[in-house]
Each structure stands twice: as structure tokens, then as C-alpha cells.
Amino acid sequence: NGENPTGENFEGFAMDYFRLDSRNRVILAENFTNSSETPNNIAFNNFINDYPPTELVALQYHISDDEDAIYESNKVDPNARVAFYGITNSPQLIPSGFLDGFSNGSFIGGWKNVYVSVRSLQVSPFEIAINSLPSQSTGTLSGSVIIKALEDFTIGKPALHVAVTEKVVGSNNFVVRKLLPSPAGIQIPMPIAKDQVITLPDFNWLVSNTDIDVQNLSIVAFI
């Protein structure tokens, strides 16, 4: 350029645009399986144990196996999630693993770690906070969710989903016991402005299944 000394050439590069952001994404790992899929379930457990909950959260859905007691206890919620992804109970599609909605097979495959390393660099457009509330009665799980938009949204149909998981059920981890308030989730009103804070309706769930350890439950919220 004009500031270079006469007769001198300098090599370099220029950047028209760049952006620095803090890593804030928590990846959602969803395992569609049943109790007979032992190799996949072991691979899933080993995989999620490699990441702290600040980087990855896990949901395991038991589906399409009438000999699976977990599936028998709640068919509606896992089947709705199956329908959302278009999965059927076939050797080609069960078990299936999803990371933030993307899948390249079961959790036995090596694709999962490669995808996490790339996906974790993408900034999440929302912050989500979960607050526990005093139980209305014995055996009732109550809470609320607050979200904050980190950018403007004018198109799309974002929905908040709240999943209740039991952290350990035999050799299975983070088993989905209930989707609240329903498998469809809660539609978030549009448009959404950057920095807008939205408080969603409180959720309550009476745990009527005596096989569920209420003290072993956790809440996962995702959009």
C-alpha cells in the first residue's frame, strides 16, 4: 500500500470480517435404543462420560421393544420423538444416535467425536436456565425455565422441550421418563429480539411410576 517504502514488497493477508465469541454451546446427545442393544448402549455411556455436563447433555429413549420394561412404562413420549426424526424400528435405523439433531448412525461409530469437535465451536443463539420450584405435593416434580435470546429471530418456529431423565436405571443412563408439558414442547412466540428474556410456564409432573427413583431425576431443557 501507500505506506510501504518504495521498492519494498511485503507479504501478508487481510481479513474483511471476523468475530470472537465465547464457547457457550451445550450439545444434546439423543440415543434411540432399547435394553437389548448392549454394544450401542455401552458406547453411548462411554461417549457421554468423556464430556462434562457444561459441554454435553444426554437423553436415552427406549423404543419399540415390548420386552423392554422402560419402554412399556412410557411409550407416548419416546414414540413422538421417533416420529419427529422419522425413525422406524428396523436393523438399519435402531439403534440411532443424534447430536443436536444430526445423525450418522449409532453411537458405536466414530463420527460422534468428530462432530462434537466441530459443533461445539458454533455459538448457541439462546441461553437456558432451569429453576426448581417447591413441590406442590409428595412425588411431584416442579420447575420453571427462562430463556434469553442472544440474537434476533424473525422466522422459524422454535419450541422449548423439557425432558425428565432418570440418571441411572440398571446399566442405562439418562433414561427419558417424561417430556413436559407434552412431546410437542412449548411454542416460543415470535419475533424474538436480541437480549429478550422469556419466562416459560411452570412445569409440574406427578411421578406415579413406583419404579422411578425420584431422588435420581434430572431436568434437561432444549430448543
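Trainee: Hi! Can we start with Asp195: what is its relative accessible area?
Mentor: Asp195 has a relative accessible area of 46%. That lies between the 20% and 50% cut-offs, so Asp195 counts as partly exposed. Keep in mind that this is a predicted model.

Trainee: Got it. And where is Asp195 found?
Mentor: Asp195 sits in the loop between S8 and S9. Look at its backbone too: phi of Asp195 is near 75°, a positive value in a residue other than glycine.

Trainee: Okay, and what about phi of Asp100?
Mentor: Asp100 is not a glycine either, and its phi is positive, about 50°. You'll find Asp100 in the loop between strand S3 (96-99) and helix H4 (111-119). Its relative accessibility is 22%, so Asp100 is classed as partly exposed.

Trainee: How does strand S1 run relative to S3, parallel or antiparallel?
Mentor: Antiparallel. Strand S1 (residues 27-33) is joined to S3 by four bridges. As an example, Glu30 has Phe98 as its bridge partner in S3.

Trainee: New topic: rings! How many aromatic pairs are there?
Mentor: The count is 12 aromatic pairs. Take Phe47 and Tyr51: their ring centres are 5.4 Å apart and their planes meet at 65°, so this pair is edge-to-face. Phe47 and Tyr51 are both buried.

Trainee: And how are Phe126 and Phe153 arranged?
Mentor: Phe126 and Phe153 are stacked, at 4.8 Å centre to centre with 10° between the planes. This pair links distant parts of the chain, 27 residues apart. Phe126 belongs to strand S4 (residues 126-132), while Phe153 is in the loop between strand S5 (140-149) and strand S6 (159-169). Both Phe126 and Phe153 are buried.

Trainee: Which residues form the aromatic cluster?
Mentor: Phe44, Phe47, Tyr51, Phe102, Phe107, Trp111 and Tyr115 make up one aromatic cluster.

Trainee: What lies over the face of Phe84?
Mentor: That's Arg81, at 4.7 Å from the ring centre.

Trainee: Back to the backbone. What kind of peptide bond runs from Leu180 to Pro181?
Mentor: A cis one, with omega near -10°. Pro181 is in the loop between strand S7 (172-180) and strand S8 (186-187). Met190 and Pro191 are also joined by a cis peptide bond, with omega about -5°. Pro191 lies in the loop between S8 and strand S9 (197-199).

Trainee: Last one, the whole chain. How many helices and strands are there?
Mentor: The chain has four helices and 11 strands. Of its 223 residues, 42% are buried. The chain exposes about 12,900 Å², and carbon and sulfur atoms supply 52% of that.

Trainee: And what share of the contacts comes from residues 24 or more positions apart?
Mentor: Counting contacts with a separation of 6 or more, 68% come from residues 24 or more positions apart.

Methods. Residues numbered from 1 in each chain as written. Predicted model: local features only at pLDDT ≥ 70, side-chain atom pairs only at ≥ 80, totals over all residues. Heavy atoms only, no water. Phe/Tyr/Trp six-rings, centres within 6.5 Å; stacked < 30°, edge-to-face > 60°. Buried < 20%, exposed > 50% of the residue type's maximum accessible area, 1.4 Å probe, protein only. Helix = DSSP H or I, 4+ residues; strand = E, 2+ residues; numbered from the N terminus. Lys NZ or Arg CZ within 6 Å of the ring centre and 35° of its normal. Pairing = 2+ DSSP bridges. Contact = heavy atoms within 4.5 Å. Areas by Shrake-Rupley, 256 points an atom, 1.4 Å probe, with all protein chains shown as cover.
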